[in-house]
Amino acid sequence: MELRQLEYFVAVAEEQSFTRAATRLFVVQSAVSAAVKALERDLGAALLDRNSKRVLLTDAGAALLPRARFALDAARDARDAVAEVRGGLSGTLRIGTLTSIRIIDLPAVLGEFHRRHPGVLLRTMAAPSGSIGLIEALTDHRLDLAFVSLPGVRPPGVRLIELTRSVLDLVVPEGHPLAHHHGIDITDLAGLDFIDSPVGYGNRSVTDRAFAAAGVPRRVTIEIADIGTGVAHVRHGLGITLLPRFVVAGEPGISVIPVTGADLEWPLSLAISDDRTPGAATRALITLLTETTT
């Protein structure tokens, strides 16, 4: 049994596809298939069910998966220990990001990390399904850590490190009947057409929770994946929205109004898997982020 075989098996199990596993590992699919078959021969058991539309684990594969991850983590920790003694980290760091994360200067943070640890390859992924999609990728071990916004109860399987917070304000176009207000109660927003992110995004969760808690019905007529475009949608008269203050600061053609009577705090956190010990590169990025945001 070789570590490479375990690595390929884990990749196929997590991706539920030989093709996606090969893409993730930067190898040809035939190499992945051959390594898994060799592992099955060594163990004398089928590990994967290849007869379904998705590649699924057999009972033997399900029993092996956590132990394979443990072995790979132990090998990673051994490499990290030697690399730290030699003065440099190596490996790949898989990072999940939100589609808009302007509240912190992520390119600057990642640039500083790269300067400190040039031997670490940084790979970023933005989930089209928002924070919920990033959490799924994290718990499936397709990511090492992720920037998420998860108001309310922490989802199972992850640990959250809060980085910062922002308040959501009402954003309306200039000339809107509400534009002259210096503050508005959430109960006065019933029956209006809203622009918002899809379900699963952190800001959508904050807003939905606030309206539900106040017993105020709300209708979302336009959904946008990038909150950075929310101001433009409002400016062109397509509706009103609630956006974090860091998105709307200094934008022309709109009025920004604080909303009272509701909890509209939008948290930004770093999420890591709860069932795996973070590697040295992950720990180094966490340290850098906490230094930068505190």
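For the class counts used below, Ala, Val, Leu, Ile, Met, Phe, Trp, Tyr, Cys and Pro are taken as nonpolar, Asp, Glu, Lys and Arg as charged, and the others, Gly among them, as polar. The model is a predicted one.

**Exercise 1. Describe the largest pocket by volume, lining and residue class.**

Step 1. The largest pocket holds about 920 Å³ of space.

Step 2. Its lining comprises 33 residues, of which Arg76, Arg79, Thr92, Arg94 and Asp144 are the closest to the centre.

Step 3. Two or more lining residues come from each of helix H1 (3–15), helix H2 (18–25), helix H4 (59–86), strand E3 (91–97), strand E13 (265–273) and helix H10 (280–293).

Step 4. Sorted by class, the pocket lining contains 13 nonpolar, 8 polar and 12 charged residues.

**Exercise 2. State how many cavities of 30 Å³ or more are counted, and characterise the largest cavity.**

Step 1. The count is 2 cavities.

**Exercise 3. Determine which element gives the most residues to the lining of the second largest cavity.**

Step 1. The volume of the second largest cavity is about 30 Å³.

Step 2. The residues around the second largest cavity are Ile195, Asp196, Ser197, Asn203, Ile224, Ile227, Thr241, Leu242 and Leu243.

Step 3. Strand E8 (193–196) and strand E10 (240–244) are the elements that supply two or more of these residues.

Step 4. E10 gives the most, with 3 residues.

Step 5. By class, the lining of the second largest cavity has 5 nonpolar, 3 polar and 1 charged.

**Exercise 4. Classify the packing of H1 against H4, and list the residues in contact.**

Step 1. The axes of H1 and H4 approach within 9 Å, with a crossing angle of roughly 125°.

Step 2. The two helices are therefore oblique to each other.

Step 3. The crossing of H1 past H4 is left-handed.

Step 4. On the H1 side the contact involves Leu3, Leu6, Glu7, Phe9, Val10, Ala13 and Glu14, and on the H4 side Gly61, Leu64, Leu65, Ala68, Arg69, Ala71, Leu72 and Ala75.

Step 5. These residues divide into 11 nonpolar, 1 polar and 3 charged.

**Exercise 5. Is the crossing of H1 and H2 left-handed or right-handed?**

Step 1. The H1 and H2 axes come within 8 Å and cross at roughly 125°.

Step 2. H1 and H2 are therefore oblique.

Step 3. Their crossing is right-handed.

Step 4. H1 contributes Glu7, Tyr8, Ala11, Val12, Glu14 and Glu15 to the contact, while H2 contributes Phe18, Arg20, Ala21, Arg24 and Leu25.

Step 5. The contact of H1 with H2 consists of 6 nonpolar, no polar and 5 charged residues.

Notes:
Residues numbered from 1 in each chain as written. Predicted model: local features only at pLDDT ≥ 70, side-chain atom pairs only at ≥ 80, totals over all residues. Heavy atoms only, no water. 1 Å grid on protein atoms, 1.4 Å probe; cavity = no way out; pocket = protein on both sides within 12 Å on 5 of 7 lines; lining within 4 Å. Points joined across faces, edges and corners; volume = space filled by probe spheres on them. Helix = DSSP H or I, 4+ residues; strand = E, 2+ residues; numbered from the N terminus. Axes fitted to C-alpha atoms, helices over the stretch in contact; angles between N-to-C directions. Parallel < 35°, antiparallel > 145°, perpendicular 65-115°, else oblique. Left-handed = near helix turned anticlockwise from the far one by under 90°. Contact = heavy atoms within 4.5 Å.
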